[in-house]
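Here is a short briefing on how two protein chains meet. Look at the structure first, then read on.

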Amino acid sequence: MSDHKPIVYKNCEDVPAVVMSEASMLWNKTGAWRYIKPKYCDKVPPCNQGCPAGNDVENFVRLAEEKKYKEAWLSIKEENPFPRVCGRVCYYPCETACNRGQFDRAVSINALERFIGDYVSTDTKIERLQNDSGKKVAVVGSGPAGLTTAYHLARLGHGVHVYEADEKPGGVLRYGIPEYRLPKKVLDEEIQDIINLGVTIDCNKKVGETIQWEALLDFDAVFVATGAHKSRNVGIENEEAQGVMPGLGFLKKVAQGKKVHLGPRTVVVGGGNTAIDAARTAMRLGSQVTIHYYRSRNEIPAFKEEVDEAQKEGVHFDMLSEPVRVLVDGDKATGIEMRRTRLGDPDESGRRRPVSVEGSEYSVDATTIIIAIGEDTDLEYLPSEIQEERGRVIVDAFGATSRPGVFAGGDMAIANHNVAYAIGSGKAAAIAIDAYLKGSHVSDIVAQTTIGEYGAMSMSHYIEAGRAHAKNRYTKSVVSYNDINLNYFEEQERSKQTKLELSERHQNFKEVHQGLSEDQIQNDAQRCFHCGVCTMCDTCYIYCPDIAIEHKGDAAWGYDINFDYCKGCGICVHECPRNAMMMEDE
Amino acid sequence: MIEIRIHGRGGQGAVIASKILACAFFAEGKFVQSFPKFGVERRGAPVEAFLRYDDKKILLRNNIYTPHHLIVLDHTLIEATNVTSGLQKGGWIIINSSKKPQDFCLPDYRVACVDANELAMKYKLGSRSSPIVNTAILGAFAKATQMLKIDSIVTAVIDEVPIKAEDNAQAAKDAFEQTTI
Amino acid sequence: MRMKASEELITSGHLACQGCGGTMVMRHALRALGDNTVVVIPACCWTIIAGQFPYSSLRVPILHTAFETAGAAASGVRAALDIQGKEDTNVLAFAGDGGTFDIGLQSLSGAAERNEDIIYICYDNEAYMNTGIQRSSATPEMAWTTTTPSTRPKSGPKKNMIQILAAHKAPYCATANVAWPEDLTNKVKKAMTIRGTKFIHVLSPCPPGWKISSEYSIEVARLATHCNVFPIYEVYDGERYHINIQPKNIPVTEYLKAQGRFRHLTDEEIEHIQKRVDYEWKILLQREMTDSYHMNMPA
Amino acid sequence: MKKVLMGNHAASWAVKLADVKMIAAYPITPQTQIVEELSEMCGSGELKAKFLKVESEHSAMASCIAASSAGVRAFTATSANGLALMHELLHWASGARLPLVMVNVNRAMAPGWNIWADQSDSLSQRDTGWLQLYVEDNQEVLDTVLQAYYIAEKVNLPVMVCYDAFFLSHTYEAVDIPEKQAVQDWLPPHARENILNTKDPRAFNGLVMPDVYMEMRYKLQQAHEEAVAVVKEAGESFAKAFDRSYSTIETVYCDDAETVLVTSSSTTSPARLVVEALREKGMKIGLMKVRLFRPFPVDDICQVLSGKKKVVVIDRNISFGKGGIFADEIRGAIANDPQAPIIFGYITGLGGRDITPELVEDIVMEAEKNERPERLALWKGLKS
């Protein structure tokens with residue numbers, strides 16, 4: 001007798017004498033009782049939205065939790081060629097966004113990324129996703145943006161030729177970030193992954209000098225990402241004196257292994273990351289260092305952690321002071337005259353504007369003065385048809401410039417000057433260039449590939465919208481802290497990276513952050529809420545009063561809802577710890 | 001059909017005595033019927049039990065009102081209750097007493113006595129304050145009435161008394177010997 | 001413990017309301033018990049949930065029995081199984097609060113006193129829900145039901161069934177809550193290893209009766225424990241107490257305000273309930289503590 | 001083996017011989033010795049059964065229902081208020097079609113408290129779907145309890161064996177106890193389908209909707225109707241095995257009788273004496289003992305009574321507002337017979353009052369004297 005059909009007794013004789021069941025209740029399709037129905041839908045975790053590079057953060061954390069480090073690494077590499085770089089130098093907006101941060105402390109995503117990268121990279125090769133398209137793309141600049149574009153385009157099957165003005169690829173990664181934060185070996189290895197994909201990196205080729213712009217137009221598309229490496233001048237007296245140098249220039253020289261003589265006392269002017277990097281580098285070269293910044297510690301734009309480290313390492317901070325003029329003895333700088341500032345009203349960035357305090361000038365002795373108050377782009381080599389504004393190339397969300405076929409990214413095109421944004425812009429451009437080369441419209445895929453509200457792009461969404469894990473993800477619905485069912489989580493300590501002993505940081509450039517151990521990684525991976533992403537935690541399954549939720553099976557991921565029986569009570573959705581479900585109308 | 005009534009106090013075993021006697025008659029081929037007075041038995045309170053035997057199936061289903069014979073387990077009951085109520089003239093009254101039959105003024109009846117208390121003590125049946133006399137007195141019944149053999153009583157006692165069966169049987173035998181008529 | 005729906009001992013298509021807690025209790029209990037189980041169900045919501053003749057929503061045998069007889073009927077099944085050599089078959093009496101706290105208390109007491117080798121689960125939805133929300137002695141103080149209107153809500157506190165069973169020296173008594181399914185299944189598993197009468201009292205939210213939206217079923221049940229209204233603990237041999245879930249000590253008002261059946265409560269009344277809850281919780285803590293001074297009865 | 005047994009112990013012996021596996025009981029006078037004896041038997045191991053000492057008759061019946069549902073022979077015994085307490089579950093047992101056997105020692109219902117013979121307790125339960133047999137002596141107690149299992153398991157209905165308080169329950173008579181092997185040969189081992197079975201899990205006694213409830217009740221009635229023949233068959237086959245025969249009714253001198261005295265239970269015994277005596281005096285009187293009350297053996301009764309002049313029914317029971325229940329049942333049974341006799345319904349012996357041969361004769365002679373009864377309920381033996 002079928003369990004799914006009601007039993008009909010035709011006549012009196014048919015009716016049994018004993019009140020005994022003959023079949024199950026499965027014939028009774030209680031799905032008809034339902035007003036609204038549950039649905040599994042992966043949403044955007046705030047970390048994913050927060051990652052400018054478009055990493056599928058939640059995914060790699062989950063894979064790490066399952067000790068699938070290789071899969072985790074491949075997941076990052078799908079979006080970002082630089083897990084090891086980012087795991088060291090990113091200022092982790094993902095962690096700032098992490099909902100767990102409101103509960104106890106954010107998951108150590110950055111350190112997780114680094115662990116995964118370091119754990120896996122040397123023995124795994126990245127594959128090209130598509131066969132050779134026959135198209136050729138020129139990439140100008142081998143900084144994080146350029147290399148990212150090159151990487152993705154190569155994976156998408158295009159021929160990529162990178163032009164690099166310096167003698168080695170990497171741009172700011174190589175010349176702007178000191179060895180103690182990003183060992184060159186790590187960078188080289190990640191760049192090698194890109195080269196292994198068939199990307200040609202042509203060094204010592206500077207557009208406008210060793211190669212002409214017009215030559216680039218022979219390519220099917222061009223991506224320019226030459227960064228912002230023109231250090232700004234303060235505009236004070238004697239700024240050109242000997243012993244005064246730009247921050248980035250200083251860092252580059254050190255990175256190139258050139259001897260730099262600082263003398264015993266170095267003054268750094270500025271509060272950005274370059275300033276801090278310069279100060280800490282100067283420390284390591286044996287100089288006493290003081291940083292002068294014209295706002296207070298609260299407004300300093302450098303990463304807080306870097307500032308803290310600098311302080312611990314012995315860098316002095318002289319806040320609320322602005323340079324007035326360089327003091328010279330002949331053409332040699334001997335010090336700098338500073339002036340006190342005080343904080344006034346907030347400016348458009350929300351930070352309080354420094355106001356000079358007249359008559360508060362004072363002198364500081366210095367053998368070297370490093371000016372690190374920001375960098376500008378150099379757009380002179382670009383033809384006029386490519387529109388610019390305030391020193392930046394005007395681009396759309398995907399890096400398309402005003403000239404068809406020419407795309408731009410990185411610091412020269414976007415406001416946020418940091419590695420993760422550069423990588424994000426490179427990926428966006430790669431998507432746009434691929435679409436351009438295929439003759440399709442980027443506008444069609446914006447919704448599909450943009451994760452959340454901040455413009456991060458997902459390569460996995462682009463290349464395989466139908467891929468199982470990405471299938472149901474609502475690219476705009478970001479899970480907030482209030483969406484999390486906190487009943488399912490308990491406070492748990494965040495894993496802390498060990499750092500190089502202070503005593504070991506002088507006279508060398510050993511890496512300061514030592515990363516996390518596997519146990520620590522596991523601890524933190526387990527802390528992840530997996531906001532908006534089904535982890536098959538079984539909460540929905542176990543609470544379903546109607547046994548209408550079923551595992552897809554041993555091999556497959558996720559659950560099926562049996563709408564024949566689901567009564568639409570909504571418990572599964574309400575109880576989902578991570579808001580990976582929703583109710584929708586019938 | 002012969003009807004016998006047994007008088008005792010709650011706890012003395014009047015009902016068991018009635019049953020043992022029934023078993024003894026049954027063993028001699030009689031139809032029997034034994035039953036307590038249908039009531040609420042309380043320890044120490046006067047109780048009655050009944051016995052009918054006959055050569056054919058007994059079809060009466062009522063209390064005995066005019067017994068042929070009496071068994072009295074406690075002679076104090078004779079003063080306390082109207083034991084002879086309904087007793088047919090010339091019937092036997094078997095009394096547990098150290099007294100002699102002539103000490104009881106029961107002119108219309110035949111009286112037999114046995115000191116079943118003493119026998120109970122002798123065989124350590126029950127306690128001094130409440131000796132178990134229901135088996136011993138049946139020996140006296142057999143002796144006095146001669147309605148059945150002492151052997152039948154002894155066999156019934158052994159079959160029906162769960163503990164100290166042999167002592168009880170011996171008490172009945174002794175009583176058979178010691179009955180005064 | 002992952003199971004396919006087809007492996008679960010309760011089937012879909014049953015006749016429980018949306019969000020029914022009692023259904024979850026059965027599901028979790030059977031996950032632990034397995035198919036070598038006979039379920040005895042007196043009159044209660046499950047009389048209906050199990051499905052009408054000729055159907056059943058369980059894949060284990062059910063004996064539906066009269067309202068007041070769960071303890072006795074389970075005893076009878078136990079006896080019959082034992083005499084047939086089926087000592088390994090679990091007998092689960094599965095009764096609502098009415099059938100346990102009220103009309104069935106006598107037969108439960110009898111079974112517990114005889115220490116019948118049964119597992120008795122009371123799924124407590126705190127009123128006669130099957131007949132349409134009438135008060136039972138499990139109804140919490142001041143709750144609305146159709147027989148305790150909000151103008152005259154239920155007077156007096158809920159009967160303490162665990163104490164009653166503990167007084168029988170039942171070898172294992174426990175409370176549980178559908179919001180902690182694993183705790184519940186573990187308790188049932190533990191009960192299976194203990195001979196004698198095991199009593200598990202499970203708080204089972206009833207969306208219609210508690211006047212909550214069905215999706216809040218688990219959340220409200222969870223609040224009951226975190227507000228100390230329904231602590232989760234075990235009592236071994238009627239004497240040794242062990243609290244299993246540390247509550248978050250949330251004010252009762254959170255729990256009460258979540259439910260329509262308490263909507264009429266004034267601040268003073270809530271305060272009164274809070275005081276009683278605090279008091280009972282303290283007593284429970286003391287009982288748990290007394291454990292360390294407990295003198296075992298000589299063997 | 002013949003033994004002098006009280007009626008209650010005759011019941012216990014039958015339970016032992018029937019190899020009952022589960023007994024649940026609660027004490028109540030005058031039933032108690034049945035279960036005391038069974039308790040001894042279980043204790044000594046001569047009866048391998050589970051004995052549940054439950055906390056009420058209600059639970060006794062609930063446990064028996066459950067045990068029977070789980071596939072074993074179950075037994076309980078009760079009286080009067082205990083039976084009344086079971087009332088709900090009596091319906092449950094028959095509705096579940098369980099072959100339970102219960103002894104009810106007929107005792108008067110309180111108040112006032114009265115522990116003596118009276119059939120009103122079991123007759124109040126006549127509509128619960130149980131078979132009811134009323135027996136006359138201790139031998140019949142034993143034989144009927146055995147037959148009760150035979151019948152119950154053939155028709156899947158519970159059977160109540162009823163006999164009078166004290167007149168049987170506490171009265172010792174010689175009882176022929178059959179050999180265990182002979183009983184086993186006659187009463188097949190208990191084996192039923194449709195029981196609680198974890199290998200074939202079914203739900204029993206669940207919700208039944210109006211669309212089939214009536215059919216199921218019809219089947220229950222059918223089973224009762226079929227049970228009349230099964231009771232006879234049980235009696236006949238019992239006679240073959242044990243040389244004592246039983247049926248739905250028993251008649252004495254009815255063939256040529258003009259007046260038939262109708263009795264049940266222990267009242268039949270003195271009635272036999274009376275009928276015998278009156279026959280000797282030349283009166284054309286017969287006796288009909290009604291043994292099976294539910295199902296009511298309408299055909300058997302009508303066959304005997306049709307064409308008789310007068311029927312005198314003695315009832316140790318009463319349905320208040322109507323009269324004696326046996327009399328009423330007989331009236332109802334024969335109402336459509338064109339040759340229906342005049343029926344005199346006498347109520348007597350309530351609450352353990354003796355029914356002596358003199359009383360029975362008084363009743364018969366009064367009925368003989370009057371052409372028709374003055375009213376439905378005639379009382380005899382009231383204090384004048």
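How many salt bridges does the rule find across the interface of chain A and chain C? It finds one. A salt bridge here is a side-chain nitrogen of Lys or Arg within 4 Å of a carboxyl oxygen of Asp or Glu.

This is a predicted model: local features need pLDDT of at least 70, side-chain atom pairs count only at pLDDT 80 or more, and totals for chains, interfaces and linings use all residues. Residues are numbered from 1 along each chain as its sequence is written, chains are lettered from A and ligands numbered from 1 in the order in which they are written, and side-chain values use heavy atoms, with hydrogens and water left out.

**Contact and area**
- In chain A, 42 residues are in contact (heavy atoms within 4.5 Å) with 42 residues of chain C.
- The two chains bury about 3400 Å² between them, 56% of it on carbon and sulfur atoms.
- Buried area is the accessible area (1.4 Å probe) that two parts lose on being put together, summed over both.
- On the chain A side, Met25(A), Tyr543(A) and Ile547(A) lose the most area to chain C, together 22% of what that side buries.

**Charged pair**
- The salt bridge joins Arg222(C) to Glu575(A).
- Their closest N and O atoms are 2.6 Å apart.

**Strand pairing**
- Strand 1 of chain A pairs with strand 2 (residues 55–56) of chain C in the parallel sense, over two bridges.
- Strands are DSSP runs (E, at least two residues), numbered from the N terminus, and two of them pair if DSSP finds at least two bridges between them.
- Ser24(A) has Ser56(C) as its bridge partner.

Note on methods:
Helices (H or I, at least four residues) and strands (E, at least two) are DSSP runs, numbered from the N terminus.
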